[in-house]
Amino acid sequence: MTSETTGNARQRWQQRYDAAHKRDADFTTLSGMEVEPAYGTDDSEWPGEFPFTRGLHPTGNRGRTWTIRQFAGFGNAQQTNERYQMILGRGGGGLSVAFDMPTLMGRDSDDPRSLGEVGHCGVAIDSAADMEVLFDGIDLGSVTTSMTISGPAVPVFCMMLVAAERAGVDTTTLNGTLQTDIFKEYIAQKEWLFGPEPHLRLIGDLMEYCAENIPAYKPLSVSGYHIREAGSTAAQELAFTLADGFGYVELGLSRGLDVDVFAPGLSFFFDSHLDFFEEIAKFRAARRIWARWMRDVYGAKTEKAQWLRFHTQTAGVSLTAQQPYNNVVRTGVEALAAVLGGTNSLHTNALDETLALPSEQAAEIALRTQQVIMEETGVTNVADPLGGSWYVEALTDQIEAEANKIFDRILAMGGSTLSSADTSGLAEATRDGANPVTRGLLRGIEDGWFMSEIAEAAFAYQVALEKGDKKVVGVNCHTESVTSELEILRVSHEVEVEQVAVLGRRRAGRDQAAVDRTIEAMLTAAREGANMVPPMLEACRAEATLGEICDALRAEWGEYREPARF
């Protein structure tokens, strides 16, 4: 049933709600009062109706609550596997893999540039064998897994597929998310391998491969989280992230892919910061903008291709080393904003993450924070409880307007005379292959515009903080405390020593000729314009390491060096 169904908005929503699955739960207040599944006037927008400001589904959390997807990774694959078993055993619904810095940069653990970094900010992964250990005893066919990595995302994805194959899982049924978002690396996080064009080539290959072979898997998670953590405003986070998403849609269309087939494989990853209502408005505006552009500019006809699905993580930059137990409160407020904004999955930060990787106790508190919201607060009883709030609706409109100004600037940087309001003109330009948003993104990266905008926003906030206009409890106000020093998780240097030793033994025990042959086949595909995922899979099956694969591609395509700016 579509939004064109006859009847007023309330009737259309009621028909869809009646036909939808609902959880078997008690949908009453704590005092036992019955509540309606949604509220609104006959002619207002209702949950599940285009442009989905009020949520993707008519049932909201009555149908299905968000996925509790805790981000974790440290030390070696065995240590991280134990943490995953703990998360799943205590009620987590999905996994999210944090990788160490060498892995994020496509380096092996025994690379001289990896010294001192192995296993410290995430798990060390050198080959498909490490992936086997990472997911040992975890059914990849039934647990959705997100992997937060962009530069070397495609070979890491191939290693996961090999691990699934070796575990007897039908890889065509896999469901999960790979970040793969290279635009935000140039904008904010700086973990790239090559220049933009080779990365986009690999991303296009991955989109094609997943659309054809793993239809439920989402090969791209467009990330605003790192943009916000770098210091952007909420409107900048929203606009830069959606613009990146539009760029990937243009990439898919330029490959001849059907937007109604590949667009459902795009997902998003947002930050949830401390301004409670601003964050809720940001999420609502994001769904609305994305749906309109997908329908009116890129020609998406199905609802699933118009939906903006997103994961949320609470704001790491809001955590403080001073009075760290205050971070539990901060995280709870941010998590509630994400839930009321309609997030599809959620990670809650641990109270000690500003000091180190989470201890097991801190990780459990972070998990329980979500479970308290889900089970005790009643916010899952009603779809979009804040819909119709004068403040929330006005703030949603305001953030959308700010985002549109930024889209117009990006379009202008790419040489387009069109505005974000001219959807028919943008649709025509896209059909003609002009890729107006992508051109603006690449020019903005080249000119350093995105970085300068974020830097100015971060500076303005820091000035307000130092003046005392913005308050942070325990930092520039209410600084008296009885808090004792936390016991934090420390990754031993022995992890690196053992990881390097294991890698050496695996290299000695593999068929080197097979490794060389499969890497050469991968480079041949690169030179001939063939899809690179199948030969990369073969290299991973032969136990080629991440560093060997990425170094071969660096030699072929060259490394990217960011231009110096002052």
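The model is predicted, so local features are taken at pLDDT of at least 70 and side-chain atom pairs at pLDDT 80 or more, while totals for chains, interfaces and linings use all residues. Residues are numbered from 1 along each chain as its sequence is written, and side-chain values use heavy atoms, with hydrogens and water left out.

Let me begin with serine 223. This residue sits in strand β5, residues 220-223; strands here are DSSP runs of E with at least two residues, helices are runs of H or I with at least four, and both are numbered from the N terminus. Serine 223 has 0% relative accessibility and therefore counts as buried. Buried means under 20% relative accessible area, exposed means over 50%, and partly exposed lies in between, with a 1.4 Å probe and protein chains only.

What does the side chain of serine 223 reach? It makes a polar contact of 2.8 Å with the side chain of histidine 226, and it reaches the backbone nitrogen of tyrosine 225 at 3.5 Å. A polar contact is a pair of N or O atoms within 3.5 Å; within protein, one must be able to donate a hydrogen and the other to accept it, and residues adjacent in sequence count only if both atoms are side-chain atoms. Setting aside residues up to four places away in sequence, serine 223 touches Gln179, Asp181, Lys184, Thr241 and Phe269, where contact means heavy atoms within 4.5 Å.

I turn now to the second largest pocket. Its volume is about 910 Å³, and a volume is the space filled by probe spheres set on grid points, which are joined across faces, edges and corners. On a 1 Å grid over the protein atoms alone, a pocket is an open set of points with protein on both sides within 12 Å along at least five of seven lines, and lining residues have an atom within 4 Å of a point. The lining holds 28 residues, and Arg228, His273, Leu274, Tyr461 and Lys470 lie nearest the centre of the pocket. The elements giving two or more residues to this lining are α8 (225-229), α11 (276-296) and α18 (449-467). Helix α18 supplies the largest share, 6 residues. By class, the lining comprises 13 nonpolar, 7 polar and 8 charged residues; Ala, Val, Leu, Ile, Met, Phe, Trp, Tyr, Cys and Pro count as nonpolar, Asp, Glu, Lys and Arg as charged, and the others, Gly among them, as polar.

Helix α14 covers residues 360-376, and its 17 residues should span 24 Å at 1.5 Å a residue; the end C-alpha atoms are 23 Å apart, which agrees. The expected span is 1.5 Å times one less than the number of residues. Among the buried residues of α14 are Ala362, Leu367, Gln370 and Met374, and its buried residues pack against β1 (67-72), α2 (77-89), α13 (326-340) and β8 (345-347). Just after α14, glycine 378 takes a positive phi of about 80 degrees.

Just after α15, glycine 415 has a positive phi of about 90 degrees.

The peptide bond from phenylalanine 50 to proline 51 is cis, with omega near 5 degrees. For context, most residues other than glycine have a negative phi, and most peptide bonds are trans.

Finally, glutamate 543 lies in the loop between α21 (533-541) and α22 (546-557). This glutamate is buried, with a relative accessible area of 16%, and its side chain reaches the backbone nitrogen of alanine 129 at 3.3 Å. Beyond its neighbours within four places in sequence, the contacts of glutamate 543 include Ser127, Arg166 and Arg510.

Key: On a 1 Å grid over the protein atoms alone, a cavity is a set of points where a 1.4 Å probe fits but cannot get out, and a pocket is an open set with protein on both sides within 12 Å along at least five of seven lines; lining residues have an atom within 4 Å of a point.
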